[in-house]
Amino acid sequence: MRVKRRDTEQWMAHRLLPENLKGRILRHEQYRWQETRGVDEEGLLMNLPKDLRREIKRHLCLSLLMRVPMFENMDEQLLDAMCDRLKPMLYTEDSCIIREGDPVNEMLFVMRGYLESMTTNGGQSGFFNSNVLKGGDFCGEELLTWALDPAAVSNLPSSTRTVKTLSEVEAFVLRADDLKFVATQFRKLHSKQLQHTFRFYSQQWRTWAACFIQAAWHRYCRKKLEDSLFEKEKRLQAAIVSDDSTKLSLGAALYASRFAGNMMRILRRNATRKARLQERVPARLLQKPAEPNFFAVGE
């Protein structure tokens, strides 16, 4: 570790890296040393026979893989294929995994640690959504949608979210090419069950559902206000029609005066709210996420 640290520091000095980058590189090297003791596991495994490599990766990955709800119902053959293709990754705190709008070239499954997943819905003014990912969660589901679409173009999909680490994170990644292979195997699973699991754990679907509920709540509040004003107007009209005496006419006039005053205050307040609402509602009405086709061909 001392030799490796010395070589790293010499390289950073030669490249004139700023101090903040030097600190992040050294933290990452120290974290990776703690987890692997400096052994290049991938390089070591690639030099072993296929059956031995599969057994080792199954020993290392299977228990962690089973923590991911997306994979808990897979058969052994498919789990072996997943273990063989998953790549272990280590991230230090404050690492940016992917930025909103960048191409998604891997799907990441969190084993340990915490990440923040954020979106501005394509840079819309006034819109911001943030969620915390933990062990068992995943990100980069846009790639799964792309991989399951037989008509998908070769261009990788764009990320709808920015993902950054909040702590040290241990994860597995599945590259685009490997995901293409695994995606064909997903069709062997119970389609409905996998579909619901994907929706429940997908950050895109969670955000869309939250925005959908918010928009419905605002529509309900506006409808409730309109109904209340309509009821008051009906009461006023009934009072005026039923007034036959001077005393009752005076009461109706006072009621009408109070109602008119209240209406003016409500209309002024609602005019301001409506202007703000017009800015916010389009941001809340997110487009429904594209859903992967988990159904087998011919179903």
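In the predicted model, strand 2 and strand 7 (residues 162-165) run antiparallel and are joined by 2 bridges. Within this pairing, Cys 96 stands opposite Lys 164 of strand 7. The two strands belong to an open sheet of 4 strands, arranged in the order 2-7-4-5 with antiparallel pairing. The edges of this sheet are formed by strand 2 (96-98) and strand 5 (129-133), each of which pairs on one side only. From one strand to the next, the twist averages 25°.

With strand 7, strand 4 is connected by 4 bridges, and the two run antiparallel; here Ser 117 has Val 163 of strand 7 as its bridge partner. Strand 4 (residues 115-119) is largely enclosed by the rest of the structure, because 4 of its 5 residues are buried.

A further open sheet, also of 4 strands, has the order 1-8-3-6 and antiparallel pairing. Strand 6 is paired with strand 3 (residues 106-112) in the antiparallel sense, over 2 bridges. In this pairing, Leu 108 has Cys 139 of strand 6 as its bridge partner.

The loop between strand 5 and strand 6 (138-139) contains Gly 135. This glycine has a relative accessible area of 42% and is classed as partly exposed, because that class covers values between the 20% limit for buried residues and the 50% limit for exposed ones. Gly 135 and Val 169 lie 34 residues apart along the chain, and their C-alpha atoms are separated by 9.2 Å.

Helix 6 (residues 141-148) is likewise described by its burial. Of its 8 residues, 8 are buried, so the helix is largely enclosed by the rest of the structure. The buried residues of helix 6 are Glu 141, Glu 142, Leu 143, Leu 144, Thr 145, Trp 146, Ala 147 and Leu 148.

The largest pocket in the model has a volume of about 620 Å³. Its lining comprises 24 residues, and those nearest the pocket centre are Arg 32, Thr 36, Glu 41, Pro 88 and Leu 90. Two or more lining residues are contributed by each of helix 2 (19-36), helix 3 (41-46), helix 4 (50-65), strand 1 (87-91) and strand 8 (169-175). Helix 2 provides the largest share of the lining, with 6 residues. Classified by residue type, the lining of the largest pocket contains 11 nonpolar, 10 charged and 3 polar residues. At least three of the lining residues come from domain 1 (1-38), and at least three from domain 2 (49-200). Strand 1 and strand 8, both among the contributors to the pocket lining, are also members of the sheet with the order 1-8-3-6.

Definitions and conventions: Residues are numbered from 1 along each chain as its sequence is written. This is a predicted model: local features need pLDDT of at least 70, side-chain atom pairs count only at pLDDT 80 or more; totals for chains, interfaces and linings use all residues. Side-chain values use heavy atoms; hydrogens and water are left out. On a 1 Å grid over the protein atoms alone, a cavity is a set of points where a 1.4 Å probe fits but cannot get out, and a pocket is an open set with protein on both sides within 12 Å along at least five of seven lines; lining residues have an atom within 4 Å of a point. Grid points are joined across faces, edges and corners, and a volume is the space filled by probe spheres set on the points. Ala, Val, Leu, Ile, Met, Phe, Trp, Tyr, Cys and Pro count as nonpolar, Asp, Glu, Lys and Arg as charged, and the others, Gly among them, as polar. Domain bounds come from an automatic or database domain assignment. Two strands pair if DSSP finds at least two bridges between them. Axes are lines fitted to C-alpha atoms, for helices over the stretch in contact, and angles run from 0 to 180 degrees between N-to-C directions. Buried means under 20% relative accessible area, exposed over 50%, partly exposed in between (1.4 Å probe, protein chains only).
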